[in-house]
Amino acid sequence: MANRRLFLLAFVLVTASALFLFWKLREPAGFILSLRFTKLIALCVVGAAVGTATVLFQTIAANRLLTPGIVGFDALFVFIQTGLVLVLGGAGFAALPTLAQFGVETLVLVASALALFGILLRKGADDILRLVLTGVILGVLLRGLAGLAQRLLDPSEFAIVQQASFATFGSVDKTQLAIASGVLILSFIAAIRLARVLDLAALGRATALPLGLDYDRVVFAALAVVALLVATSTALVGPISFLGLLAASLAHSVLPTWRHALLLPGAAIIGATILVFGQFVFERVLGLQSTLSVIVEFAGGLLFLFLVLRRPRHD
């Protein structure tokens with residue numbers, strides 16, 4: 001049953017992609033298709049990366065309310081953008097080589113995440129709660145520092161920072177997209193290779209260790225993959241936190257299984273479908289030019305409140 005549903009999800013994504021590419025296609029068709037195809041790949045890559053990373057993180061944290069953004073990825077990205085604009089000015093920031101900026105941002109995000117994971121879990125992977133709480137505190141600190149720095153900017157520079165604070169798919173560089181796609185594909189393959197041991201890790205440390213699982217090693221490997229997925233996708237288009245919560249929650253609902261070999265691709269497909277179909281409706285059908293990520297974050301926030309406030313069912 002779960003396998004059939006996974007194929008159905010893939011079919012929905014293909015259909016949404018076809019609509020996105022060919023709906024109201026006009027001349028010059030070749031040029032328009034090339035632009036749409038670049039945006040489509042970016043939507044699929046980012047959606048799949050965020051969905052996969054969220055399932056991995058929720059499994060390690062044993063909590064379906066959490067997303068990787070809670071450990072401060074988004075706050076650090078905004079802090080980096082604010083610092084660059086503050087130091088270089090609006091003109092200097094705009095003159096930065098985009099490929100070098102993308103590479104540095106990705107490396108900083110990955111290195112910071114791995115340093116956080118390594119320091120807090122150096123004695124073992126049995127204190128995920130301390131990792132999450134530390135990430136929350138660091139996120140608040142970075143947001144506060146970014147807010148303070150933004151008060152020193154003039155209105156035009158502040159507008160640049162605000163634009164960089166939301167995910168946008170309208171001007172994705174093809175070279176950056178190719179590099180990010182390669183990194184994210186390799187990361188997804190690594191996640192799939194971890195699927196079987198993640199099934200055991202989901203049982204908890206106390207249960208997994210007697211079954212022969214090297215729990216600490218699995219947790220570190222999964223968190224490293226999460227860092228690569230989230231850092232690369234964030235550096236490519238910007239932060240989009242609650243998309244992962246939407247994708248992971250829908251994957252668990254549509255695919256009622258504990259097998260990560262199905263949950264991971266399911267969340268990846270759903271994350272990509274949300275972005276592709278959302279962008280299609282937003283841009284092609286409604287003719288709006290606003291940022292899709294704002295709507296996704298709003299929907300994800302509502303879902304988060306629903307999951308927190310709903311009463312657990314008792315059998």
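A: Gladly! Let's begin with what an angle between helices refers to: axes are lines fitted to C-alpha atoms over the stretch in contact, and angles run from 0 to 180 degrees between N-to-C directions. Keep in mind that this is a predicted model.

Q: At what angle do helix α2 and helix α12 pack, and how far apart are their axes?

A: Helix α2 (residues 29-61) and helix α12 (residues 260-285) have axes 7 Å apart and pack at about 140 degrees. Angles over 145 count as roughly antiparallel, and this pair is therefore classed as oblique. The crossing of α2 past α12 is right-handed. Sorted by class, the residues of this contact are 14 nonpolar, 7 polar and 4 charged.

Q: How are α4 and α10 oriented to each other, roughly parallel or roughly antiparallel?

A: Use the angle again. The axes of helix α4 (residues 98-120) and helix α10 (residues 215-237) cross at roughly 150 degrees and come within 9 Å. The two helices are therefore roughly antiparallel. Their crossing is right-handed. On the α4 side, the contact residues include Phe102, Leu109, Val110 and Phe117, while α10 contributes, among them, Phe220, Leu223, Ala227 and Leu228. By class, this contact has 14 nonpolar, 3 polar and 1 charged residues.

Q: Now for burial: which residues of helix α6 are buried?

A: The cut-off to remember is that buried means under 20% relative accessible area, and exposed over 50%. In helix α6 (residues 155-164), the buried residues are Glu157, Val161 and Ala164. Looking down the axis of α6, these buried residues fall within an arc of 65 degrees, so they line one face of the helix. Pro155, Ser156 and Gln163, on the other side of α6, are exposed.

Q: What do the buried residues of α6 pack against?

A: Their packing partners are α3 (73-94) and α5 (128-150).

Q: What about a single side chain: how does Phe188 count by relative accessibility?

A: Phe188, which sits in helix α7 (residues 174-193), has 24% relative accessibility and so counts as partly exposed.

Q: Which residues is Phe188 in contact with, leaving aside its neighbours within four places in sequence?

A: The contacts of Phe188 beyond those neighbours are Thr52, Leu229, Leu264, Pro265 and Ala268. You can also read separation in two ways: Phe188 and Phe93 are 95 residues apart in sequence, and their C-alpha atoms are 32 Å apart in space.

Methods
Residues are numbered from 1 along each chain as its sequence is written. This is a predicted model: local features need pLDDT of at least 70, side-chain atom pairs count only at pLDDT 80 or more; totals for chains, interfaces and linings use all residues. Side-chain values use heavy atoms; hydrogens and water are left out. Buried means under 20% relative accessible area, exposed over 50%, partly exposed in between (1.4 Å probe, protein chains only). Helices (H or I, at least four residues) and strands (E, at least two) are DSSP runs, numbered from the N terminus. The arc is that of the directions from the helix axis to the C-beta atoms. Contact means heavy atoms within 4.5 Å. Angles under 35 degrees count as roughly parallel, over 145 as roughly antiparallel, 65 to 115 as roughly perpendicular and the rest as oblique. A crossing is left-handed if the near helix is turned anticlockwise from the far one by less than a right angle, and right-handed if clockwise. Ala, Val, Leu, Ile, Met, Phe, Trp, Tyr, Cys and Pro count as nonpolar, Asp, Glu, Lys and Arg as charged, and the others, Gly among them, as polar.
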